[in-house]
Amino acid sequence: MPDSHARRDVLLAERLAEIRANRPQMDTELIAEVVRAVLTTMSDDLSVHDTALLLEVEELGRTIAAAKQEIAALKVDDITGCHIPFATDELDAIVAHTATATNAILESCETLDTVASTVAGEAADRLQDATTRIYEACSFQDITGQRISKVVTTLKTIEEKVARIIATFGHKTAALPAVPSAALTPEEELLNGPQLPQQAMHQSDIDKLLASFD
Amino acid sequence: MPIDKSMNVLIVDDYKTMLRIIRNLLKQIEFNNVEEASDGAEALSKLRTGNYGLVISDWNMAPMTGLQLLQEVRADSRLKQTPFIMITAESKTENVVAAKAAGVSNYIVKPFNAETLRDKIEKVLGHA
């Protein structure tokens, strides 16, 4: 019996070495196969506790294999190859279109300003008040542009993370090396763009803060 | 003392639309000598070769940000007294504190209105 154990160990070691040589990446199906082989050949020598443990390992292998199949079924390649580039292109188009529209509005507003300078009295004041409100409102394009830039950055981060999941679970591409997050300089840490309205400081808060330094 | 509205004003922003809006708002309050720059580096170059009574700058620009521009202006013996207003969407406390530490004259958070712009200009130039 000890001889048969030693022979089995040698065969198992050879099989594992062969797998390592051929498939340096993790392959869950092969792992599950090895676990099944171990269970089949060694069940006579194992205690109830060991068998339960190995069954759990086998179940884990199956779960990983199922997860891999589910991820493949989701067509995650489409996320990085199609959906996210499409979304970022659409967002870029939104920025471009709103910029064009805003400039058209501003051009008309400048015409109204010119007309206002040729009239006098209340009419001139009312025209100027109206154009002032339009100028103020048009600043939305700057804010939305900055917000959309933040969304594009977030989408690109998601794209990168999805690509990493594909590389880890897939078999088409090698696992990507981990990319450490670039350390931000103190200056870069101050570049956050527009805050959401409920989180942003209002002008009156900023005035108070500035006054506190005097 | 009345404000000299014939002074040259330099407005700095990487959004051309925003430059256009600020220019028009300034025109409505009778500042007609307005020049533009699209980032801090271009602004600094204009400031060093021109004569400006007021700088109104965005913060978030590349390659030189509005904060870096402010720091350069305050470090320049000829420019250091130039009134400098930051107009930005960066509204966190640490931004205001950093701008104040760098010597900003006033700080306007986007979106802003014409009344706020006029009020801050009057405050800054009144104290200049």
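The model is predicted, so local features need pLDDT of at least 70 and side-chain atom pairs count only at pLDDT 80 or more, while totals for chains, interfaces and linings use all residues. Residues are numbered from 1 along each chain as its sequence is written, and chains are lettered from A in the order in which they are written.

Select chain B beside chain A: 30 residues of chain B are in contact (C-beta atoms, placed from the backbone, within 7 Å) with 32 residues of chain A. On this side of chain B, α1(B) gives the most, with seven residues; helices here are DSSP runs of H or I with at least four residues, numbered from the N terminus.

Next, select residues 203-211 of chain A, which form α8(A), together with α4(B): the two helices pack at an angle of about 40 degrees, with their axes 10 Å apart. Axes are lines fitted to C-alpha atoms over the stretch in contact, and angles run from 0 to 180 degrees between N-to-C directions. Show A:Ile206, A:Leu209 and A:Leu210, which meet B:Thr93, B:Val96 and B:Lys100.

Finally, select B:Leu10, B:Ile22, B:Ile56, B:Met86 and B:Ala99, the residues with the most contacts inside the largest nonpolar core, which has 43 residues. Such a core is a set of buried Ala, Val, Leu, Ile, Met, Phe, Trp, Tyr and Cys residues joined through C-beta atoms within 7 Å, where buried means that 20 or more other C-beta atoms lie within 10 Å of a residue's own. To this core, α1(B) gives the most, with six residues.

How values were computed. Two residues are in contact if their C-beta atoms, placed from the backbone, lie within 7 Å. A residue is buried if 20 or more other C-beta atoms lie within 10 Å of its own, exposed if 12 or fewer, and partly exposed in between; C-beta atoms are placed from the backbone.
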